[in-house]
Amino acid sequence: MTQFASEVRKVATTWTWWVVLLGMVAYSACYTAFMVIASRLERSPLDLGSAESAVIVYNMPVAIAYVFPLAMGVVLVTQEYRSKLISQTLLANPSRWSVYGAKAVTGLAVGLLYGLVTVLACTGAAGGLLAAMGEPAYLGSGPVLQAVLGSVAVLTLWGLIGVGVGALIRNQLVAVVGVVVLTQFIEPVFRLAGTGLGGDDVTWLLPGGAGDAAAGGTALNTMTGTAAGGQLPGFAMLGVYAAVFGALGAWRFARYEIS
Amino acid sequence: MYEEEAVISARGLSKRYGSVEAVADVTFDAARGRVVGFLGPNGAGKTTTLRMLLGLVRPSSGQARVLGSPYRELHRPLRRVGVSVEADAFVGGRTGRNHLRCYAGLAGCGRRRVDELLELVDLRGAADRAVRGYSTGMKRRLSVATALLGDPDALILDEPANGLDPDGIIWLRGLLRDFAEQGRTVLLSSHLLDEMQKIVDDVLLVNRGRVLHAGPLDRLLGAEACLVRSAAGRQDAVRGVVEAHGHDRLPLADGRLWVGAPPREVRTALEAQEDTAGPVHVEPCTLESEFMRLTRNDREEVAL
């Protein structure tokens, strides 16, 4: 508990956490607004005519912004190596499991906070814009509620995955650039290629795809023409990634020599 | 080595990195109430030894104990041992006060102690500024404050005096002396040998991973040796006189000659031969001269 308080204080005493949060909210909200407005264009392929199809505008945070809690989870670990404060941290608490555990919980907490704030902002933006344009917002409907809750859960898990990735890679620059390239470029390409090769029913097994599925399907599924898969299987799949990265990170973290 | 109970002790501590033996069979004790200077040239294995003492690096063999147990088994270690091994390790955007508060909980102390320490290390005015803007000396002082958070029984400091101005060095000297006078223990490394001679009780001198001397400073600077400074061009003549008396001798890098005999005896011998040896200054050994002599001797043995 003391270690967790220490980790939270470390996050809260730098600017990084809220600059990243601000970036995430602004980026997601702008895209959400863009999607809603674009859906009104005559030639738009978007049809928000039912609660199921409206989910796409509510799930923009998961579609485009999960890299933010992921990167923040990475930074939770790598910043200590970059600043060499890891020595100080391990001297204050020589139990590496306890330190890593506190970081993992902090990663989840950061993901949850980022998820809540961003999803609330985007839900407000989407619902508000739809209502302002005189369209049904489907805010109280089952599919939209499930999508919104799923989004928060997905973004929370990405925070933990980030902690695991950070512990595995340790070099902040490599890790952050790596997750951005992997999530924003390589995985989408794989998903597009998967569709082309007729494998669209397995692309939800990829981490980003699992997240999209767990949130109830996102714009990425629409764009790549891949099936979202079910929400629960998607969540389970992302949970497996979180468990695997979390465990590998713990294993690695416990073994580093600090030189 | 000492009769008192050891606060920090190493037994046969060794670390190999592949074929490189960074630390080989280091054994020493640091007792209660003593300031122990950990000396050696760069790359001698000091930092690796400190990291093994602190459980940050696993020894290839041997044991290290701090307050009776391996560091990693200490409960709430910050309350027992204060450490500053990465004096430049800070997150630039964090303030000095927040840096201390990040570790205060683990050291079992609150805001008041943080304020006290900021006062003690003279950072009160800069406490709420980002560490990025601190001078080297301010960072060192903040690092010392971090080490003192838990009011520990022992301090382990790696190069705490680097980057401190003369006032800062005098302040640190006073702080460490007070700390030791309260019966607590300090182990510190430094290259500032004149400064170390003023504050240490014991010396642990290592070179190429091995211990050259572990024991009281007085014993290292014992009265059985001295330094001879001679006029330019007379060094060989002086050496000849000393040699004729059968004393051990070793020329130092700064031109002085170390002689393994008491100062009075050497002075008498040289004054009797003033025609050849010229005017000489016979001085007691210093930590610097012993450092040069022992590390150089060590190198020559390798060359043979």
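Two strands are taken to pair if DSSP finds at least two bridges between them. On this basis, the predicted model contains in chain B an open sheet of six strands, with mixed pairing and the order E5-E6-E7-E3-E8-E9. Strand E5 (81-84) and strand E9 (210-216) of chain B stand at the edges of the sheet; each has a single partner strand, so one side of each is left without a neighbour in the sheet. On average, and with direction ignored, neighbouring strands of this sheet are turned by 10° against each other.

Strands of a sheet pair through backbone hydrogen bonds, and the pairing is either parallel or antiparallel. Within the sheet of chain B, strand E3 (residues 35-39) and strand E7 (residues 185-189) run parallel and are joined by four bridges. In this pair, B:Phe38 stands opposite B:Ser189 of E7(B). Helix H1 (residues 46-53) of chain B packs on the sheet, where it touches E3, strand E6 (154-158), E7 and strand E8 (202-207) of chain B. The direction of this helix makes about 145° with that of E6(B). Helix H4 (residues 136-148) of chain B lies across E5 and E6 of chain B and runs at about 160° to E5(B).

The chain that holds this sheet has 11 helices and 13 strands. Along the principal axes, the C-alpha atoms of chain B fill a box of roughly 70 × 45 × 35 Å. Of the 304 residues in chain B, 46% are buried. Among the contacts in chain B with a separation of 6 or more, 71% are made by residues 24 or more positions apart. Chain B is divided into domain 1 (3-215) and domain 2 (224-284), and the C-alpha centres of these two domains lie 39 Å apart. In an unreviewed entry, UniProt lists "domain: ABC transporter" for residues 8-233 of chain B. Over these residues the chain is 30% helix and 29% strand, with the end C-alpha atoms 48 Å apart.

One residue of chain B, B:Glu21, was examined individually. B:Glu21 is found in strand E2 (residues 20-31) of chain B. When residues up to four places away in sequence are not counted, B:Glu21 touches B:Arg16 and B:Gly209. B:Glu21 and B:Cys102 are 81 residues apart in sequence, and their C-alpha atoms are 36 Å apart in space.

For chain A, an unreviewed UniProt entry places the feature "transmembrane region" at several spans, including residues 12-38 and 99-132. The span of residues 12-38 of chain A is 89% helix and 0% strand, and its end C-alpha atoms lie 37 Å apart. Residues 99-132 of chain A are 100% helix and 0% strand, with end C-alpha atoms 48 Å apart.

Chains A and B meet through 23 residues of chain A, which are in contact with 26 residues of chain B. On the side of chain A that touches chain B, the elements giving two or more residues are helix H1 (2-12) and helix H6 (85-92) of chain A. By class, this side of chain A has eight nonpolar, 11 polar and four charged residues.

Methods: Residues numbered from 1 in each chain as written. Chains lettered and ligands numbered in written order. Predicted model: local features only at pLDDT ≥ 70, side-chain atom pairs only at ≥ 80, totals over all residues. UniProt positions renumbered as here; feature names shortened; annotations may be inferred. Contact = placed C-beta atoms within 7 Å. Nonpolar A, V, L, I, M, F, W, Y, C, P; charged D, E, K, R; others polar. Axes fitted to C-alpha atoms, helices over the stretch in contact; angles between N-to-C directions. Domains from an automatic or database assignment. Buried ≥ 20, exposed ≤ 12 C-beta atoms within 10 Å, placed from the backbone.
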